[in-house]
Amino acid sequence: MRASNSTRSRKRRAIADPDHESRIQAALDGLQKGKYRSVRDAANKENVARSTLEDRKSGKHKAWKDAFVHLQLLQPPEEQAVMDWVGHCAVIGRPFHVSDLKSAAHDVSGKVPGKNWHERVSQRHPEIVSSRPAHLDPKRAANFNEPTIKDYFDKLEAVFTEFNGIPAGNLWNMDEKGVQMGGGRNRGRKKHLFIRDMRDRYKIRSDNLELVTIIECISASGEAMPPSFVLSDGPAPDTREFAPNEIGIIAFSKSGWTDNELGIEWVKEVFIPEALARREDHTKPAVLIYDGHGSHESFELKQYIYEQGLDEEVVIIGLPSKTTHKTQPLDAVVFTHIQTKWQDHCETSAIKRRSIDRYNVIHEYMHVRKECMSPELIKKSFEKTGIYPFNPKIFPPESFAPSKIYSCKAHVPESFPPEIPSSPIPFEMDASDDEYHPSSDLDIDDQGPASNNDDQRIPAEPQISSKQPINIDLDSDCDATDAEPEDPTQLDNPEDHQAVDAYASFSSTSSSNSRITRASSISTSLLNVPNPRPPTIRSAFEDERLSPEQRFDEIRSLRVQVQEIWEAMVYWKAQAQAADAHCTLIKRELDLSKEQIANLERKKTRRSSKQTLSRVIVHKNRREEYRQEAQERATQQAAEAERLAAKEAEDLARKARMSEEERSRNFVGSLSSYKRDDLLVLARVLGVDDQGTVAELRPRIRDYILENKTTLCRNPRVSGLSLLQSSGRRQDPTESDLGISREAGPSSALHPPTGTSTPVKHT
């Protein structure tokens with residue numbers, strides 16, 4: 001009971017006083033370095049109990065967090081490896097859930113974690129927190145990668161350099177934003193106050209999801225062009241109260257979104273007049289940056305600019321596809337504020353019973369726009385995206401981490417072992433079975449004891465601390481410039497040469513085609529564990545001749561060596577536990593990679609969107625490309641017109657042939673041999689409805705012939721049909737008449753039996 005109470009008191013003290021353990025460690029360090037004369041002096045100076053300090057100094061007790069490590073589900077090295085994978089997956093956009101954490105712990109330990117195990121882990125690792133993540137589209141995660149963004153900034157820099165810099169007043173960004181008149185279904189992140197006992201917690205808001213597209217265009221100087229609006233087809237709102245230059249254009253479309261025609265109209269009516277008039281430097285062009293929507297890159301848009309000679313005054317640059325959440329100023333900053341304000345405004349309007357519809361949505365939006373679209377916010381949006389001031393390094397390396405999921409390499413945490421000792425790698429031998437010698441397969445332990453020399457050392461593996469993630473190459477063809485492991489024998493620290501020898505001996509036995517590659521050079525710090533020499537073997541007579549001081553020195557030396565061996569053993573045990581945990585978790589990643597590969601190999605049912613890099617859409621140097629595109633387009637249009645003319649002539653000839661057959665053709669043979677045009681002509685001759693497919697026309701005509709068989713037998717134009725050739729009593733239709741059996745060739749309707757009239761030949 002006393003021990004239990006002592007444990008509880010230490011636990012309470014550790015929780016209530018987080019600095020208690022650090023003070024004990026400071027006192028122990030001070031005693032070891034001679035800072036304090038006695039335990040009593042150290043206890044008084046560091047404000048800890050003298051008995052506790054004496055017990056810790058003598059090794060009787062351990063720290064509370066270390067005393068029960070053996071009872072944990074995962075040992076500290078294993079738990080740290082799992083936490084490293086948790087942090088790594090969180091960075092690349094694949095965060096762990098509590099269930100994923102427990103699953104990983106089960107895979108590593110082989111035991112099922114308890115109900116509250118994750119809470120105790122969170123206490124030991126305060127850097128891990130639980131949070132609700134923001135959603136990121138997989139295509140955006142894949143496209144926002146370092147090569148794509150570098151290519152975009154290179155092209156942007158080339159345009160800036162060509163004109164010796166573009167001033168802020170000449171830089172523009174345009175984008176469309178769809179807003180819903182009810183504010184949308186997103187509930188937002190705001191919390192509200194309720195009574196604790198309430199079960200139903202509501203907030204009044206409109207459910208009107210009618211869409212309105214708003215076109216905004218902002219400048220790096222903090223200015224904004226008048227907004228334009230695209231409404232769905234219907235009545236137009238009254239905007240007479242606005243000033244002439246306060247609103248751009250108001251257009252209508254079936255869906256409420258922009259299209260090619262509206263995009264060209266906006267460029268003609270809004271952008272060209274406003275951008276050229278507001279240029280800060282009229283000797284330099286106005287640069288427009290926007291996304292690669294189809295209406296932004298239409299041929300008609302380029303045709304208007306080039307034909308009007310505006311390519312000397314305007315340069316249009318398209319952003320890389322699926323990267324606008326980071327690279328477009330309006331998307332990255334401005335529209336986020338507008339959406340939040342718009343939702344709040346819609347909720348307030350619903351509470352005040354003021355509905356927002358197509359007649360007042362422009363007025364309501366202009367009210368919200370004045371509140372949040374300030375010059376400071378606009379300038380900040382260009383600065384955050386690296387456009388102005390120009391900063392190609394605006395995005396840190398960790399911002400590209402989500403794209404690693406779609407890389408041809410499997411990325412792992414920094415603590416992943418660069419070299420994992422395993423069984424020897426098999427290799428092919430050219431020797432035949434006759435040349436095989438069993439004596440060559442001896443293990444190291446079978447070759448006798450090691451020689452007792454002074455150069456023999458206990459192997460000590462260096463401790464690698466990687467500053468950048470390590471990549472495991474899953475496809476050797478993906479990257480031919482994989483960095484080789486750093487040669488530890490080239491280290492400049494002479495104190496680490498003992499551990500280097502063991503590392504070099506291990507590296508010499510590993511395969512040259514290592515599947516572990518490093519993204520860049522890794523700073524290596526070796527474990528400073530001295531390798532003691534084996535004790536000198538002396539006879540009993542020599543030991544008796546040693547003086548007491550020499551014997552004490554020998555005992556002290558042996559104690560130091562035993563302590564060093566113990567530290568090395570503890571280190572290697574921790575390394576082995578961490579390596580086992582990493583191997584288990586990397587196996588989970590490999591299983592996931594195999595599943596991703598299998599999904600990619602499946603036949604896609606829908607066409608994927610084209611991934612496009614940034615491009616210069618309109619520029620004076622691209623006029624020749626536009627002319628070639630215009631020529632190719634004219635050739636295609638001429639070929640299409642010729643094809644349509646030929647098809648129209650064919651249709652006219654077909655209609656003339658069918659009209660001639662309606663007047664003079666005699667029908668013979670089985671209905672199953674008749675094609676669609678034959679059935680249409682026969683249906684019109686008989687006065688039967690000719691609408692529908694062949695499967696519908698054939699039974700309809702057959703039923704009519706059987707019902708009017710007596711009358712039709714006297715009609716020479718249809719008396720040659722097989723349904724009318726039966727004599728005597730009425731016979732049931734055959735399978736051929738019903739069209740169930742194999743259909744005859746098309747020539748059967750053109751070659752009637754002997755004695756029947758010849759039908760009109762097809763032209």
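Trainee: What is the relative accessible area of cysteine 583, and how should I read it?

Mentor: The model here is a predicted one, and in it cysteine 583 has a relative accessible area of 32%, so this residue is partly exposed. Cysteine 217, in contrast, counts as buried because its relative accessibility is 2%, and buried means under 20%.

Trainee: How many disulfides does the structure hold?

Mentor: In general, a disulfide is a covalent bond that links the sulfur atoms of two cysteines. In this structure there are zero disulfides.

Trainee: Which residues of β5 are on one side of the strand, and which are on the other?

Mentor: The general idea is that side chains in a regular strand alternate between the two faces of the sheet. In β5, Ala286, Leu288 and Tyr290 are on one side, while Val287 and Ile289 are on the other, and all of them are buried, which leaves both faces covered. The strand spans residues 286-290, and five of its five residues are buried.

Trainee: Which strands pair with β5, and in what sense?

Mentor: β1 and β5 pair in the parallel sense over three bridges, with leucine 171 having valine 287 of β5 as its bridge partner. β5 also runs parallel to β6 (residues 314-318), and five bridges join the two; here leucine 288 has isoleucine 316 of β6 as its bridge partner. With helix α12 (residues 299-307) between them in the naming, β5 and β6 make a right-handed β-α-β unit.

Trainee: Where is isoleucine 195, and is this residue buried or exposed?

Mentor: Isoleucine 195 lies in the loop between β1 (171-180) and β2 (211-219), and it counts as exposed because its relative accessibility is 56%. Together with Phe194 and Met198, Ile195 makes a nonpolar surface patch of about 270 Å².

Trainee: What should I look for in the backbone angles, and which peptide bond is cis?

Mentor: As a general rule, most residues other than glycine have a negative phi, and most peptide bonds are trans. The bond from tyrosine 388 to proline 389 is cis, with omega near -10°, and proline 389 is found in the loop between α16 (375-384) and β7 (409-412).

Trainee: What is the phi of asparagine 47, and what is that of asparagine 164?

Mentor: Asparagine 47 has a positive phi near 60°; this residue is in the loop between α3 (39-46) and α4 (50-58), and its relative accessible area of 59% makes it exposed. Asparagine 164 has a positive phi of about 55° and lies in the loop between α10 (146-162) and β1, where it counts as exposed at 68% relative accessibility.

Key. Residues are numbered from 1 along each chain as its sequence is written. This is a predicted model: local features need pLDDT of at least 70, side-chain atom pairs count only at pLDDT 80 or more; totals for chains, interfaces and linings use all residues. Side-chain values use heavy atoms; hydrogens and water are left out. Patches are made of residues with over 30% relative accessible area and no salt bridge: like charges are joined within 9 Å, nonpolar side chains (Val, Leu, Ile, Met, Phe, Trp, Tyr) within 5 Å. Accessible areas come from the Shrake-Rupley method with a 1.4 Å probe; for residues, only the protein chains shown count as cover. A salt bridge is a side-chain nitrogen of Lys or Arg within 4 Å of a carboxyl oxygen of Asp or Glu. Helices (H or I, at least four residues) and strands (E, at least two) are DSSP runs, numbered from the N terminus. Buried means under 20% relative accessible area, exposed over 50%, partly exposed in between (1.4 Å probe, protein chains only). Two strands pair if DSSP finds at least two bridges between them. A crossover is right-handed if, with the strands pointing away from the viewer, the path from the first strand over the helix to the second runs clockwise. A disulfide is a pair of cysteine sulfur atoms within 2.5 Å.
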